[in-house]
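Subject: handing over the model

Hi,

Here is the structure I promised to pass on. Have a look at it first, and then read my notes below.

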Amino acid sequence: MTAAPEPVDDGMLAPARCSFAHCEACGLPVHKHPDVRGEQIALEPGTYPACALPAQIYRHLSRGVVFLGRDVSELGTVRIEHAEICPARERPDHAALAELWRLLAVRYRREMQ
Ligand SMILES: [Zn+2]
């Protein structure tokens, strides 16, 4: 089993454009930010080490706006969309994402009790 990447921070120092919300599918907390088109993107709270995750899911924030890819100034950390590991969706194939998905699924089941 692959160890889940630990969040680098707890996401509590969210930029001003962030709104706290809950995933419509699983009910777990997410941070919503607009992308460049103004569409609200649900990010998983906190940042994750980029080296543990597939590059195609890297996201970063600049002035509260979500961009694809990573920000080189963020020292190897990235944000990810909640949908990548939402426990209401199918388990991802990537080992590290699957472990994050599993941890959220445990939390989801705990909060449903
Ligand atoms: Zn969800």
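Before the strands come up, one definition: two strands pair if DSSP finds at least two bridges between them. Helices (H or I, at least four residues) and strands (E, at least two) are DSSP runs, numbered from the N terminus.

Now the housekeeping. Residues are numbered from 1 along each chain as its sequence is written. This is a predicted model, in which local features need pLDDT of at least 70 and side-chain atom pairs count only at pLDDT 80 or more, while totals for chains, interfaces and linings use all residues.

On confidence: pLDDT is the predictor's confidence in each residue, from 0 to 100. The chain average is 88, and 84% of the residues score at least 70. The stretch to watch is residues 10-15, where pLDDT stays under 50. The model has 7 contacts beyond four places in sequence for that stretch, a contact being two residues whose C-beta atoms, placed from the backbone, lie within 7 Å. Where pLDDT is low, the predicted coordinates should not be read in detail.

Overall layout: the chain has 1 helix and 7 strands, in the order β-β-β-β-β-β-β-α from the N terminus on. Of its 113 residues, 26% count as buried. For that label, 20 or more other C-beta atoms must lie within 10 Å of the residue's own; exposed means 12 or fewer, partly exposed is in between, and C-beta atoms are placed from the backbone. Taking contacts between residues at least 6 apart in sequence, 55% join residues at least 24 apart.

Next, the hairpins. E2 (29-34) and E3 (40-43) pair in the antiparallel sense over 4 bridges. Their hairpin has 5 residues between the strands, and glycine 38 in the turn has a positive phi of about 90°. Histidine 33 has isoleucine 41 in E3 as its bridge partner.

E5 (59-62) and E6 (65-68) also pair in the antiparallel sense, over 4 bridges. Leucine 61 stands opposite valine 66 in E6, and serine 62 has valine 65 in E6 as its bridge partner. This hairpin has 2 residues between the strands, and arginine 63 takes a positive phi near 50° there. That one is worth a glance, given that most residues other than glycine have a negative phi. Arginine 63 is exposed because it has 7 other C-beta atoms within 10 Å.

Another loop residue is glutamate 24, between strand E1 (19-22) and strand E2. With 10 other C-beta atoms within 10 Å, glutamate 24 is exposed as well. Its C-alpha is separated by 9.5 Å from that of alanine 88, 64 residues apart along the chain.

What sits at the centre of the packing? The largest nonpolar core has 19 residues, and Cys23, Leu43 and Ile85 have the most contacts inside it. By nonpolar core I mean a set of buried Ala, Val, Leu, Ile, Met, Phe, Trp, Tyr and Cys residues joined through C-beta atoms within 7 Å. Strand E3 and helix H1 (95-112) each supply at least two residues of this core, and H1 gives the most, with 4 residues.

Leucine 43 is found in E3 and counts as buried because it has 23 C-beta neighbours inside 10 Å. Beyond four places in sequence, its contacts include Val30, His33, Val66, Ile80 and Glu81. Leucine 43 and glutamate 81 are 38 residues apart in sequence, yet 4.2 Å apart in space, C-alpha to C-alpha.

Isoleucine 85, leaving aside its neighbours within four places in sequence, is in contact with Glu44, Pro92, Leu97, Leu100, Trp101 and Leu104.

Finally, H1 itself. The helix has 18 residues and reaches 25 Å from its first C-alpha to its last, close to the 26 Å expected at 1.5 Å a residue; the expected span is 1.5 Å times one less than the number of residues. Leu97, Leu100, Trp101 and Leu104 are buried in H1. Seen down the helix axis, the buried residues fall within an arc of 100°, so they line one face of H1; the arc is that of the directions from the helix axis to the C-beta atoms. An α-helix has 3.6 residues a turn, so residues three or four places apart point the same way. The face of H1 turned away from the buried side carries the exposed residues Val106, Arg109 and Arg110.

Cheers
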